[in-house]
Amino acid sequence: MIQTFPTDKFRTIDTPFYYYDCDLLRETLHVIEEEASKHKGYIVHYAVKANANKKVLNLISQTGMGADCVSGGEIQRCLECGFPSEKIVYAGVGKADWEINLGLDNDIFCFNVESEEELEIINKLAQKRGKIASVCLRINPEVGAHTHANITTGLAENKFGIALRYVPSIISAALEITHINLIGLHFHIGSQIMEMQDFQALCARINDIQDDLEKRGVKVENINVGGGLGIDYNDPEGHPIPDFQSYFNTFAKHLKLRKEQKVHFELGRSVVGQMGSLITRTLYVKQGKSRQFAIVDAGMSDLLRPALYQAHHRIVNLSNTDDLQSYDVVGPICESSDVFAKEVSLPTVHRGDLLAIRSAGAYGESMASQYNCRKLPTGYMSDEL
Ligand SMILES: *Cc1c(COP(=O)(O)O)cnc(C)c1O
């Protein structure tokens with residue numbers, strides 16, 4: 001499936017903006033559904049923080065997928081966009097009382113709890129409302145992932161989850177207190193993970209934890225393995241849809257399930273990453289002492305990933321096919337890190353040329369800011385253009 005861009009239409013739209021390929025999104029969702037359904041008890045949630053655009057959420061909720069939220073705002077947005085509350089899971093190290101109450105009032109599927117103190121607060125708030133909160137304990141599995149340090153979450157030094165040594169005592173607490181129903185265990189080791197061995201290591205750790213809990217007479221209905229499957233930023237044309245088959249097979253092969261246990265997945269980037277591009281107009285082409293700069297009207301306020309994670313995004317010149325030249329593609333923002341790519345080869349860039357910054361569907365629009373008093377970028381669906 002080769003992505004094509006309606007460049008003539010783009011010329012009539014104010015830049016910068018996000019462009020979302022609905023056909024690719026639908027095809028990706030279809031593949032996920034098909035591959036997950038080959039395994040008994042596999043349930044997929046979309047991790048909303050990757051892209052919370054309402055039109056994107058509406059399209060995803062139609063497939064029947066659940067939602068993984070990390071804030072009260074995301075829960076509200078998901079309810080507005082057609083996700084049923086009983087398919088919403090809610091994680092986060094710092095849930096405020098109003099966010100917990102929002103989850104309780106809407107009877108969400110579960111809270112992924114990250115500390116004993118949080119467990120007690122949820123219990124108290126649930127009691128006040130005469131409710132029983134369903135809870136998974138988020139465990140820090142101390143499993144590394146071959147990805148950028150800023151998006152590793154499953155190491156002992158990371159703030160996420162309950163440290164392994166405290167798991168037995170917190171489970172005992174959860175089983176004892178009155179307004180908590182312990183329904184499962186939750187894990188998430190990081191993002192942009194390309195090596196299946198990392199997920200295999202997670203499975204091994206979960207197996208150990210389950211064996212240990214079984215000895216203590218504890219059994220849970222749900223195992224949530226989080227998200228993290230990566231996408232091919234170098235070759236979005238060659239790999240528009242991630243290898244979901246290998247991903248689910250890795251868990252099928254290595255995760256030992258108890259009878260009737262369900263496995264939950266929280267996929268974000270792999271669902272929406274490749275369907276999005278940031279479309280930007282070239283403002284100036286400037287010769288530096290040793291480099292040539294293509295200065296575009298999109299900046300790190302629109303797409304933060306290169307500045308935040310040294311992330312690489314492929315860039316395409318949509319306006320011409322002239323001979324290749326080398327450019328640093330940079331934004332207008334007053335920060336030296338406002339650079340999309342260094343020394344990339346592009347067909348000769350002229351003022352006015354439209355560039356597509358590819359693989360920008362995940363953690364693009366959702367991370368946009370108004371730094372430098374800039375406007376937030378609009379997201380357009382291919383269906384509406
Ligand atoms: C961010 C996050 C995800 C999604 O991660 P991706 O790498 O986008 O798949 C899943 N679960 C939790 C708890 C998260 O914080």
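Helices, with at least four residues, and strands, with at least two, are DSSP runs numbered from the N terminus. By that count, this protein has eleven helices and 17 strands. What you're looking at is a predicted model, so keep that in mind as you read. Here's a quick tour, going from the whole chain down to a few single residues.

**The overall picture**

- How does the radius of gyration of the protein agree with that of a compact globule? A compact globule of 385 residues would come out near 21 Å, and the protein has 22 Å, which agrees.
- Along its principal axes, the C-alpha atoms fill a box of roughly 70 × 40 × 40 Å.
- Of the 385 residues, 57% count as buried.
- Take the contacts between residues at least 6 apart in sequence: 72% of them join residues at least 24 apart.

**Helices H2 and H3**

- H2 covers residues 22–36 and H3 covers residues 54–61; their axes come within 11 Å and cross at roughly 35°.
- If you check the handedness, the crossing of H2 and H3 is right-handed.
- Which residues meet here? On the H2 side you'll find Cys-22, Leu-25, Arg-26 and Leu-29, and on the H3 side Val-56, Leu-59 and Ile-60.
- Sorted by class, the contact of H2 with H3 has six nonpolar residues, no polar ones and one charged.

**Helices H4 and H5**

- H4 (residues 72–80) packs against H5 (residues 97–105) at an angle of about 30°, and their axes are 9 Å apart.
- Angles under 35 degrees count as roughly parallel, and H4 and H5 are therefore roughly parallel to each other.
- H4 passes H5 in a left-handed crossing.
- H4 brings Gly-72, Gly-73, Ile-75 and Gln-76 to the contact, while H5 brings Trp-98, Glu-99 and Leu-102.
- The residues of this contact of H4 with H5 split into three nonpolar, three polar and one charged.
- Asn-101 is also found in H5.
- Is Asn-101 buried or exposed? Asn-101 has 15% relative accessibility, so it counts as buried.
- Setting aside neighbours within four places in sequence, Asn-101 is in contact with Leu-125 and Arg-129.

**Two buried loop residues**

- Gly-228 sits in the loop between strand E9 (222–224) and helix H9 (244–254).
- With 8% relative accessibility, Gly-228 counts as buried.
- What does Gly-228 contact, leaving aside neighbours within four places in sequence? Its partners are His-188, Gly-190, Ser-191, Gln-192, Ile-193, Phe-199 and Glu-266.
- Gly-228 and Gly-331 are 103 residues apart in sequence, and 29 Å apart in space from C-alpha to C-alpha.
- Leu-255 is found in the loop between H9 and strand E10 (262–267).
- Leu-255 has 6% relative accessibility, so it counts as buried.
- Not counting residues up to four places away in sequence, Leu-255 touches Cys-203, Ile-206, Asn-207, Ile-223, Val-225, Thr-250 and Val-263.
- Leu-255 and Phe-199 are 56 residues apart in sequence, and their C-alpha atoms are 9.6 Å apart in space.

- Most residues other than glycine have a negative phi, and most peptide bonds are trans. Here are some spots to check against that.
- Where does Pro-16 sit? Pro-16 is in the loop between helix H1 (7–10) and strand E1 (17–20).
- The peptide bond from Thr-15 to Pro-16 is cis, with omega near -5°.
- Glu-142 has a phi near 55°, a positive value in a residue other than glycine.
- You'll find Glu-142 in the loop between strand E6 (133–140) and strand E7 (162–163).
- With a relative accessible area of 40%, Glu-142 is partly exposed.
- Cys-373 isn't a glycine, but it has a positive phi of about 55°.
- The place to look for Cys-373 is the loop between strand E16 (354–357) and strand E17 (378–381).
- Is Cys-373 buried or exposed? Exposed means over 50% relative accessible area, and at 79% relative accessibility Cys-373 counts as exposed.

Definitions and conventions:
Residues numbered from 1 in each chain as written. Predicted model: local features only at pLDDT ≥ 70, side-chain atom pairs only at ≥ 80, totals over all residues. Heavy atoms only, no water. Axes fitted to C-alpha atoms, helices over the stretch in contact; angles between N-to-C directions. Parallel < 35°, antiparallel > 145°, perpendicular 65-115°, else oblique. Left-handed = near helix turned anticlockwise from the far one by under 90°. Contact = heavy atoms within 4.5 Å. Nonpolar A, V, L, I, M, F, W, Y, C, P; charged D, E, K, R; others polar. Rg over C-alpha atoms; globule rule 2.2 N^0.38 Å. Buried < 20%, exposed > 50% of the residue type's maximum accessible area, 1.4 Å probe, protein only.
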